[in-house]
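User: I'd like to go through the annotated sites in this one. Can you start with the terms?

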Amino acid sequence: MFGTHYRIERKSVILAVAIMIVASIGGLIEIAPLFTIDDTVETDPDMRVYTPLELAGRNIYIREGCYACHSQMIRTLQDEVERYGPYSLAVESKYDHPMLWGSKRTGPDLARIGGKYSDQWHTAHLTNPRDVVPQSIMPRYGWLGRAQLHTAHLGDDLRAMRAVGVPYTDAMIANAAADAVAQASPDDDTAGLVERYGEETQVRTFDGDRRTVSEMDALVAYLQILGKLSKAAEQPAKAVAAAATAPAAAEGGQARP
Amino acid sequence: MSERQRGLIVLAVLAFIGLAMAVAGAGRGDPLQAHGYIVLLFSIGIGCVLLKGYFAPEPPATRLDSYYDDPSKVGIVLAMGWAVFGMFVGDWVAWLLAFPDLTFDAAWSSFGRLRPAHTTGVIFGFGGNALIATSFHVMQRTARARMPDQFSPWFVLIGYNLFCLLAVSGYFLGITQSKEYAEPEWYADIWLVIVWVTYLLLYLRTLARRKEPHIYVANWYYLAFILVVAILHVVNNLAVPASFAGAKSYSAFAGVQDAMTQWWYGHNAVAFFLTAGFLGMLYYYLPKRAERPIYSYRMSIIGFWGITFFYMWAGSHHLHYTALPQWVQTLGMTFSVMLIVPSWIAAANALLTLNGAWHKVRDDATLRFMMMAAIFYGLSTFEGSFMAIRSVNSLSHYTDWTIGHVHAGAMGWVALITFGSIYALVPWLWKRERMYSPALVEVHFWLALAGTLVYVFAMWNSGIIQGLMWRTYSDSGTLTYSFLDSMVAMHPYYVARAVGGLLFLIGAVVGCYNIWMTIRRPSGAEATADTPLPATMQPAE
């Protein structure tokens, strides 16, 4: 073995090729099957897609680095399920390009934050977190309410999402900019938006300001949809592949006296 | 075509691309516009430096008889600059977690935008420049050959710093794809691929000119660092831009596949950027400084191939108890535990090399930096394997323990081996007898060690307390603590962490001063035999 190496280390190209081969094996075995094994992601025929406003909000969430402090992945541990709700399923982030599972909880998990607080609370909290939670260490995001949302090119965003596998229709792409405005303007004609994205689409003046569609509108719309695109987690019978991770949930209860 | 002409052409093309980006971005009101101007100004700035010496006579051919170290010198200065910037931002965000309003009411200065500026600044700015600078030095010495040309090393070094600049300025402007440690957008990623391929070719071309039959172990590690980072970077950054006139792109992968790909990248950025490359440094500068040969050739081989093979499986330990299929989690855990073997072999090989030179470790702070780095390498690889065990991870994940672990590695291992190597290298490169002030090296050592220990102990405490508070149940079977309770309990540790980071930052500033004064001091050392072997000479086997 060492004799062979003694010869290999005299040839730079052989050494380089050997490094590439040895280093590729792990990734190939762990990642490639995730695309081919059907059980990896549960099926949910009723899964909704992000509306243009929610997608714009998601991009603001990414831009501001919210994922650095907030996870969106409830693990199969009892305390997490009791604190945040049913554990996250793979299907729930299947339209998340990129995923935002996060790696750190400086703040709480947000996978199921949608609908837990009012729009007003979110707006006040984002403007100055310490107005509503005195001990909070979250940054202020007051400027989001002052920044008008750029909607003109949202069709490009939807088209790129479709290119990577999210089922946006031509009508959704063509109407993206108008739909983004409509979702934050309940007084306007929202029939087209609801027709395209479903009855459960949340149409509200998210930041309370009816005059303009701000970045605050988009971010609050996104936060309010978190955990609501799929109902798979609430219907465990439907979630076939979830059975694979279920034993871990019992194991996680060890801290309970 | 002369190398000067080649440089001008490349800069002209780059300036044109910058202008095109600026125009395209302006048309959409996209932040790509600002990046276009940065590329344009950057190329013009470098072009001015090039033009200043453009018409000077070509240097004499005798220069080809010596090693080409100018890019290494510039790389070291850049690395120290990025170190101070990255650590300053890091300490700032550390204070923000204790006192959240210690910032401006402006988007660029909020925690979420500053934090990647810290990670990119220290990992890619400080670490990357140090790796490039030292690899140029090491590959020439161990090959006993000069680099094949002068253009490529400058292209790699300057091009790489343009990438870092685009990355960090992008976060302030709100340009990020959110992939941890791979935040820069698609155009910066493409640029890095071009730079990186040039780097690989430069390395292989220099090795091809070598006068030594064998390739020294430090080069195996540098090669693995360059090759595997290229693979990781390309796969993890596959994305579709929303528009070629805009910065935003959408990852090719979603959900669980994206999570696995990102942590395959993320953990192996630790393995091949922050470990393999720096092991290359360790394997050259530690034996050189200690004036002892590497303890064991066989341990070098086992350590190297073990690290190269095992690490690539370990990424999924970042996703225990998540929606990632359990078989992948289990594989990740298994290989992470096995990883302790090659890691400790590498650390032991370094420490055993010091046998017979421990009196030097006592007297020489530069060597002590390297020794302490090897110890922290051993400690943090043990901790990493431990935290990858599923049941341990259920407590440690999402908490500050992870942050403590990362910083034990980043401060204790990566930064200490870098500082040690730079303190050894600066007098050699600038032909000085020694550093300007050995006493200041000593001061830096103790500041860095104290800072690391304060930081790591604070985060161990806060992480474990956090993890326990989240899972504590009362007698009535309900969760005892709200999330807010756990957050309030972190405050004293966050202050302690920020103090530890400050000590570390002050140490880096002291180091900058010492290096600057060493460079400014007139050369006192006589010419040494630090030259490549002439082409006609045959090496001894």
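Analyst: Buried means under 20% relative accessible area, exposed over 50%, and partly exposed in between (1.4 Å probe, protein chains only). This is a predicted model: local features need pLDDT of at least 70, side-chain atom pairs count only at pLDDT 80 or more, and totals for chains, interfaces and linings use all residues. Residues are numbered from 1 along each chain as its sequence is written, chains are lettered from A and ligands numbered from 1 in the order written, and side-chain values use heavy atoms, with hydrogens and water left out.

User: Is His405(B) buried or exposed?

Analyst: His405(B) counts as buried because its relative accessibility is 19%.

User: What does His405(B) touch?

Analyst: Not counting residues up to four places away in sequence, His405(B) touches Ser380(B), Glu383(B), Gly384(B) and Met387(B); contact means heavy atoms within 4.5 Å.

User: Other topic. Which residues does the "binding site" annotation with His267(B) cover?

Analyst: In the unreviewed UniProt entry, that annotation covers His267(B), His317(B) and His318(B). They are spread over 52 residues of sequence but cluster in space, with a largest C-alpha distance of 9.1 Å. UniProt positions are in the numbering used here, feature names are shortened, and annotations may be inferred rather than shown by experiment.

User: What links the side chains of His318(B) and His267(B)?

Analyst: A polar contact at 3.1 Å. That term is a pair of N or O atoms within 3.5 Å; within protein, one must be able to donate a hydrogen and the other to accept it, and residues adjacent in sequence count only if both atoms are side-chain atoms.

User: And is His267(B) buried or exposed?

Analyst: His267(B) is buried, at a relative accessible area of 11%.
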